[in-house]
Amino acid sequence: MTSTSTPPGLARFNALEEHAAFTALHEACASTAWAKRLLAARPYATPEALYAASDAAMAELTAEDLAEAMAGHPPIGRPKPGDPTSAREQRGMAGASDALKAEMLELNLAYQEKFGHVFLICATGRTGEQMRDAVRERIGNTPEREREIVRTELGKINRIRLARLVEED
């Protein structure tokens with residue numbers, strides 16, 4: 001029988017004092033309920049166990065919890081100043097033309113007016129054009145349909161951020 005050791009980054013996360021672990025999780029996702037659910041299930045034996053717990057917690061979030069999570073995300077095309085995570089995730093907009101940036105601003109505003117929150121998409125690896133096309137497509141959704149798409153997109157973002165948190169050496 002072979003034993004596998006916990007990756008160093010995950011071991012570090014598991015060993016964090018509760019407040020520090022909560023802070024790290026809250027930086028990954030602004031939902032307090034999500035962070036508390038993940039904290040309650042520590043320690044994690046593998047990154048996959050952490051990701052599965054994240055997915056399960058995401059599935060249980062209420063509309064209010066989702067709103068809290070979304071509040072932690074800046075609009076596409078306007079990453080938080082001084083926030084390397086936001087800038088890295090929205091890299092696809094960095095080289096966008098002024099026309100595309102202006103169009104995204106208009107679309108973001110129209111989306112926010114319709115749904116009451118920022119347009120949320122897992123932007124990692126997407127071009128500005130792909131994000132524009134997504135907001136154009138999704139603005140026609142019902143609020144209920146859009147809430148479930150947002151839940152899925154948040155889950156993808158959370159997995160990427162958790163991977164960065166626990167896979168660092």
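## Helix 4 against helix 10

Let's start with a pair of helices: helix 4 and helix 10 pack with their axes 10 Å apart, at an angle of about 150 degrees. Because an angle over 145 degrees counts as roughly antiparallel, helix 4 is roughly antiparallel to helix 10. The two pass each other in a right-handed crossing. Please keep in mind throughout that this is a predicted model.

Which residues make this contact? From helix 4 come Pro47, Leu50, Tyr51, Ala52, Ser54, Asp55, Met58, Ala59 and Glu60. From helix 10 come Arg151, Leu154, Gly155, Asn158, Arg159, Leu162, Ala163 and Val166. Sorted by class, the contact of helix 4 with helix 10 has 10 nonpolar, 3 polar and 4 charged residues.

## Helix 2 against helix 10

Helix 10 also packs with helix 2, at an angle of about 140 degrees and with the axes 9 Å apart. That angle makes helix 2 oblique to helix 10. The crossing of helix 2 and helix 10 is right-handed.

On the helix 2 side, the residues in contact are Ala24, Leu25, Glu27 and Ala28. They meet Asn158, Arg161, Leu162 and Leu165 of helix 10. The residues of this contact comprise 5 nonpolar, 1 polar and 2 charged.

## Helix 2 against helix 3

Now turn to helix 2, residues 18-28, and helix 3, residues 32-40: their axes come within 9 Å and cross at roughly 130 degrees. Helix 2 passes helix 3 in a right-handed crossing.

In helix 2, the residues that meet helix 3 are Glu18, Ala21, Phe22, Leu25, His26 and Ala28. Their partners in helix 3 are Thr32, Trp34, Ala35, Lys36, Leu38 and Leu39. The contact of helix 2 with helix 3 is made up of 8 nonpolar, 2 polar and 2 charged residues.

## A closer look at helix 3

Which residues of helix 3 are buried? They are Ala33, Trp34, Ala35, Leu38 and Leu39. These buried residues pack against helix 2, helix 4, helix 5 (63-70) and helix 10 (143-166). As a bit of background, an α-helix has 3.6 residues a turn, so residues three or four places apart point the same way.

Leaving aside residues up to four places away in sequence, asparagine 158 touches Ala28, Cys29, Trp34, Ser54 and Met58.

One of those partners, cysteine 29, sits in the loop between helix 2 and helix 3. Cysteine 29 likewise counts as buried, because its relative accessibility is 0%. With residues up to four places away again left out, cysteine 29 touches Trp34, Met58, Ala69 and Asn158. Cysteine 29 and phenylalanine 115 are 86 residues apart along the chain, and their C-alpha atoms are separated by 20 Å.

Alanine 41 is partly exposed, with a relative accessible area of 38%. How many residues apart in sequence are alanine 41 and alanine 134? They are 93 residues apart, and in space 34 Å lie between them, C-alpha to C-alpha.

Look also at the link between arginine 42 and proline 43: the two are joined by a cis peptide bond, with omega about 0 degrees.

## Before helix 1

Our last stop is serine 5, in the segment before helix 1 (8-15). With a relative accessible area of 67%, serine 5 is exposed. Along the chain, serine 5 and aspartate 83 are 78 residues apart, and 33 Å separates their C-alpha atoms.

How values were computed. Residues numbered from 1 in each chain as written. Predicted model: local features only at pLDDT ≥ 70, side-chain atom pairs only at ≥ 80, totals over all residues. Heavy atoms only, no water. Axes fitted to C-alpha atoms, helices over the stretch in contact; angles between N-to-C directions. Helix = DSSP H or I, 4+ residues; strand = E, 2+ residues; numbered from the N terminus. Left-handed = near helix turned anticlockwise from the far one by under 90°. Contact = heavy atoms within 4.5 Å. Nonpolar A, V, L, I, M, F, W, Y, C, P; charged D, E, K, R; others polar. Buried < 20%, exposed > 50% of the residue type's maximum accessible area, 1.4 Å probe, protein only. Parallel < 35°, antiparallel > 145°, perpendicular 65-115°, else oblique.
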